[in-house]
Amino acid sequence: MISFDSLPGNTALKASLQRALADRFPQTVLLSGDDTAGLHTLSTVLAAGILCEGAGARPCGTCLSCHKVEEGVHPDLSVIDEGENELKVDLARRIKAENAIIPNDGARRVTVIHHAQNLNTMAQNALLKELEEPPSYAFFILTAEQPDALLQTVRSRCTKFALEPAQQTVSDEEAAALLGPYLAAVAARREDRMMLAALALEKPPRRQLLGMLGVLQAALRDAVFAAEHLPQPPLQPALREQTAALARAVSAGRLLACYDFIDELTDRVSRNAASAAVTCALTSDVYRICFQ
């Protein structure tokens, strides 16, 4: 059932949004944070709350409107998610045209724009009037991992809500579960399996991904010491089996080059590199460094 419970943590933020839904919800909001999945979840819950037809707290999760939002079939909800692609002025014009039409099912229409920082300047300028003075039935939810990349004129027209920062630390169990298959695929010289394992690393929030890359570097350090037969206790004992296999498959020099490359990749992630670029780097670039 769709509800605020589907978003972990963020207690104060959720309470604030629930109060706003019970009173007079702003027509244009900007949700920000480094947890892309959390932003998606929260925007869906808010859209359901705005469109909810039940009594009491919104979203009720049980009315027909809430079910339609949860199933992605509500005719008065438009969700725009182009990933890391640039959002151009044609999209802004389409949004304006759609919001000129009165709602189908109820009294409100909601437009969600994910990765709003990817709206180019022309698109943002084209939406300014719509965001500042939307039709009485129209609501806009913008999500942005980099809110400062939006024009100040756009940000000033939004009521802003921010997710709590995600944790960067990762447990040994998480590291073994996510990095174990990746390291095993590298040791086996299986680029296809490297890609599948790297795709799983796109799912954690950006801060956790940074932590995971730190664990990967530590595992590579362990592999270097194993390759050189140096008696050093491992930094990542949960990955001892994988790093030993890696040491047998890749020379110490190449492992060191890979270690340095992960340092570069960490810097890219810190500057908000696209998830697809991270997957590509962990697949083709690491394979090239290790084996070509």
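Guide: With contact, which means heavy atoms within 4.5 Å. The model is predicted, so local features need pLDDT of at least 70 and side-chain atom pairs count only at pLDDT 80 or more, while totals for chains, interfaces and linings use all residues. Residues are numbered from 1 along each chain as its sequence is written, and side-chain values use heavy atoms, with hydrogens and water left out.

Visitor: Which residues does Thr111 touch, not counting residues up to four places away in sequence?

Guide: Thr111 touches Ser78, Ile80, Ile95, Asn99, Phe139, Phe140 and Ile141.

Visitor: Is Thr111 buried or exposed?

Guide: Buried means under 20% relative accessible area, exposed over 50%, and partly exposed in between (1.4 Å probe, protein chains only). Thr111 counts as buried because its relative accessibility is 1%. Thr111 also has a polar contact of 3.2 Å, side chain to side chain, with Asn99. A polar contact is a pair of N or O atoms within 3.5 Å; within protein, one must be able to donate a hydrogen and the other to accept it, and residues adjacent in sequence count only if both atoms are side-chain atoms.

Visitor: How do I read the sheet?

Guide: Strands of a sheet pair through backbone hydrogen bonds, either parallel or antiparallel. Helices (H or I, at least four residues) and strands (E, at least two) are DSSP runs, numbered from the N terminus, and two strands pair if DSSP finds at least two bridges between them. Here five strands form an open sheet in the order S2-S3-S4-S1-S5, with parallel pairing. Strands S2 (77-80) and S5 (159-162) are the edges, each pairing on one side only. Thr111 lies in strand S3, where it is the bridge partner of Ser78. S2 and S3 (residues 109-113) share four bridges in the parallel sense.

Visitor: Which residues of helix H3 are buried?

Guide: In H3 (residues 64-71), Ser65, Cys66 and Val69 are buried. Seen down the axis of H3, they fall within an arc of 100°, so they line one face of the helix. The arc is that of the directions from the helix axis to the C-beta atoms. The buried residues of H3 pack against helix H2 (36-51) and S2. Leu64 and Glu71, on the other side, are exposed.

Visitor: How many disulfides are there?

Guide: A disulfide is a pair of cysteine sulfur atoms within 2.5 Å, and the count by this rule is zero. The sulfur of Cys290 lies 4.3 Å from that of Cys258, its closest cysteine sulfur, too far for a bond.
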